[in-house]
Amino acid sequence: MCMKHDKLLELFCKDDQTCVCMLCTILDHKAHEVVPLKEEYEEKKAELEKTETEIQQMIQKRRLKIQEIKQSVKLSKENADKEIAEDVQAFTKLKESVEKYQARVITMIEEKQKRTEKQAEGFIKELEQEISELKKRSSELEKLSHSEDHFNLLQSFLSLNAAPPTKDWTDVKVCLPSYDGTVKTVVAQLVKRLKKMFTYGELMWVKQYALDVTLDPDTAHPKLILSDDGKQVHHDDAEKNLPDKPERFSRGLCVLGKQIVSSGKIYFEVQVKEKMRWDLGVARESINRKELFRISCENGYWTVSLRIEKYFAFAETPVRLSLKSKPQKVGVFVDYDEGLVSFYDVNASALIYSYTGCSFNEKLLPFFCPGLNQGGNNSTPLIISPVHHTE
């Protein structure tokens, strides 16, 4: 009821946001927007229901976010536990290796000491033998000097007057062993082993980012032969009649992989054995495919290459790589976000080369160049191999 006019409150004034009676609209709210109370009620109710729905959606989104955060924490904990387990295993192996090489040093030192002691024992035995002979001669001389047998003394004089033959011991010394070389040699062996062990661990780590790479036939130069499964490529003298697509190489004997890299990490392996020339790595999507080009990181190629028994990385200036063994299988690892491209000799578990601090700026694609077949001498294909987590 309207307290002022004692009438039913049947209307709602939108301007003053209050309930009014019919008389109020005439006297006090004449210029205001007034609507039936029920209509305003339904409108406000609908708005409240909409707000309630929105609030429930907000609640649900936040609950989902809580679950997402909890899942992230759980995943982080699992990764941390896994990393700790791997670190414990790695440091256990490291400790075992250090203890093994420490034992080797101790054994080598002890063996040197034993040889010194054996040499000294030989000298002492020889000296004691000479002393025994000298004592014997001294006794004979003393006995003869007290003899009254003139004939016997004269007969024995020549043989007994001179001292028995002995060794000149003036310059004879026990050689004291040096241990500096022993320790340095073993430490060098240990460092070499540790480097190999850590490179092996690094290689096992990057393999978790293995990507199933396949060759893109639309990018292949017309003189390249691709296998049906898109895993092998080699050069052929005969040029196929193929559509000159914008993405196809027209001058360079190259082909790209289908898989695009624009973030994160990837890894793939390529068999290169029995080849005399090849180029492997990744390249920018925008590289020039219609003209002759120079492979270098400045031009958008991050590769390692074989040129007749010589290996190169074409950084800002070519880098001649000194490898201890000829790689049979090369692993390619890309960390897009960190600007890193690394190459590994898979079988030797050795790092070949790393490009660091790279600015990619755009999408990358796996890059392959099998080289000219050179009359059949380089006809063996480059083969994209499945990644095995143990070698």
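Let's start with a lysine over a ring: the charged end of lysine 167 sits over the ring of tryptophan 169, at 4.7 Å from its centre. Keep in mind, everyone, that this is a predicted model.

There is another contact of this kind, with arginine 289. Its charged end sits over the ring of phenylalanine 249, 6.0 Å from the ring centre. Phenylalanine 249 also turns up in a cluster, where ring pairs link it with Phe293, Tyr301 and Phe367.

That brings us to the rings themselves. How many aromatic pairs does the count come to? It comes to 15 aromatic pairs. Take tryptophan 205 and tyrosine 209, for example: they pair edge-to-face, with 5.3 Å centre to centre and 75° between the planes.

Now on to tyrosine 336 and phenylalanine 360. This pair is tilted, 5.2 Å centre to centre with 35° between the planes. Where do the partners lie? Tyrosine 336 is in the loop between β12 (329-335) and β13 (340-345), and phenylalanine 360 is in the loop between β14 (350-355) and β15 (364-369), so the pair ties together parts that are 24 residues apart in sequence.

And what about accessibility here? Buried means under 20% relative accessible area. Tyrosine 336 has 16% relative accessibility and therefore counts as buried. Phenylalanine 360 counts as buried too, because its relative accessibility is 3%.

How values were computed. Residues numbered from 1 in each chain as written. Predicted model: local features only at pLDDT ≥ 70, side-chain atom pairs only at ≥ 80, totals over all residues. Heavy atoms only, no water. Phe/Tyr/Trp six-rings, centres within 6.5 Å; stacked < 30°, edge-to-face > 60°. Helix = DSSP H or I, 4+ residues; strand = E, 2+ residues; numbered from the N terminus. Buried < 20%, exposed > 50% of the residue type's maximum accessible area, 1.4 Å probe, protein only. Lys NZ or Arg CZ within 6 Å of the ring centre and 35° of its normal.
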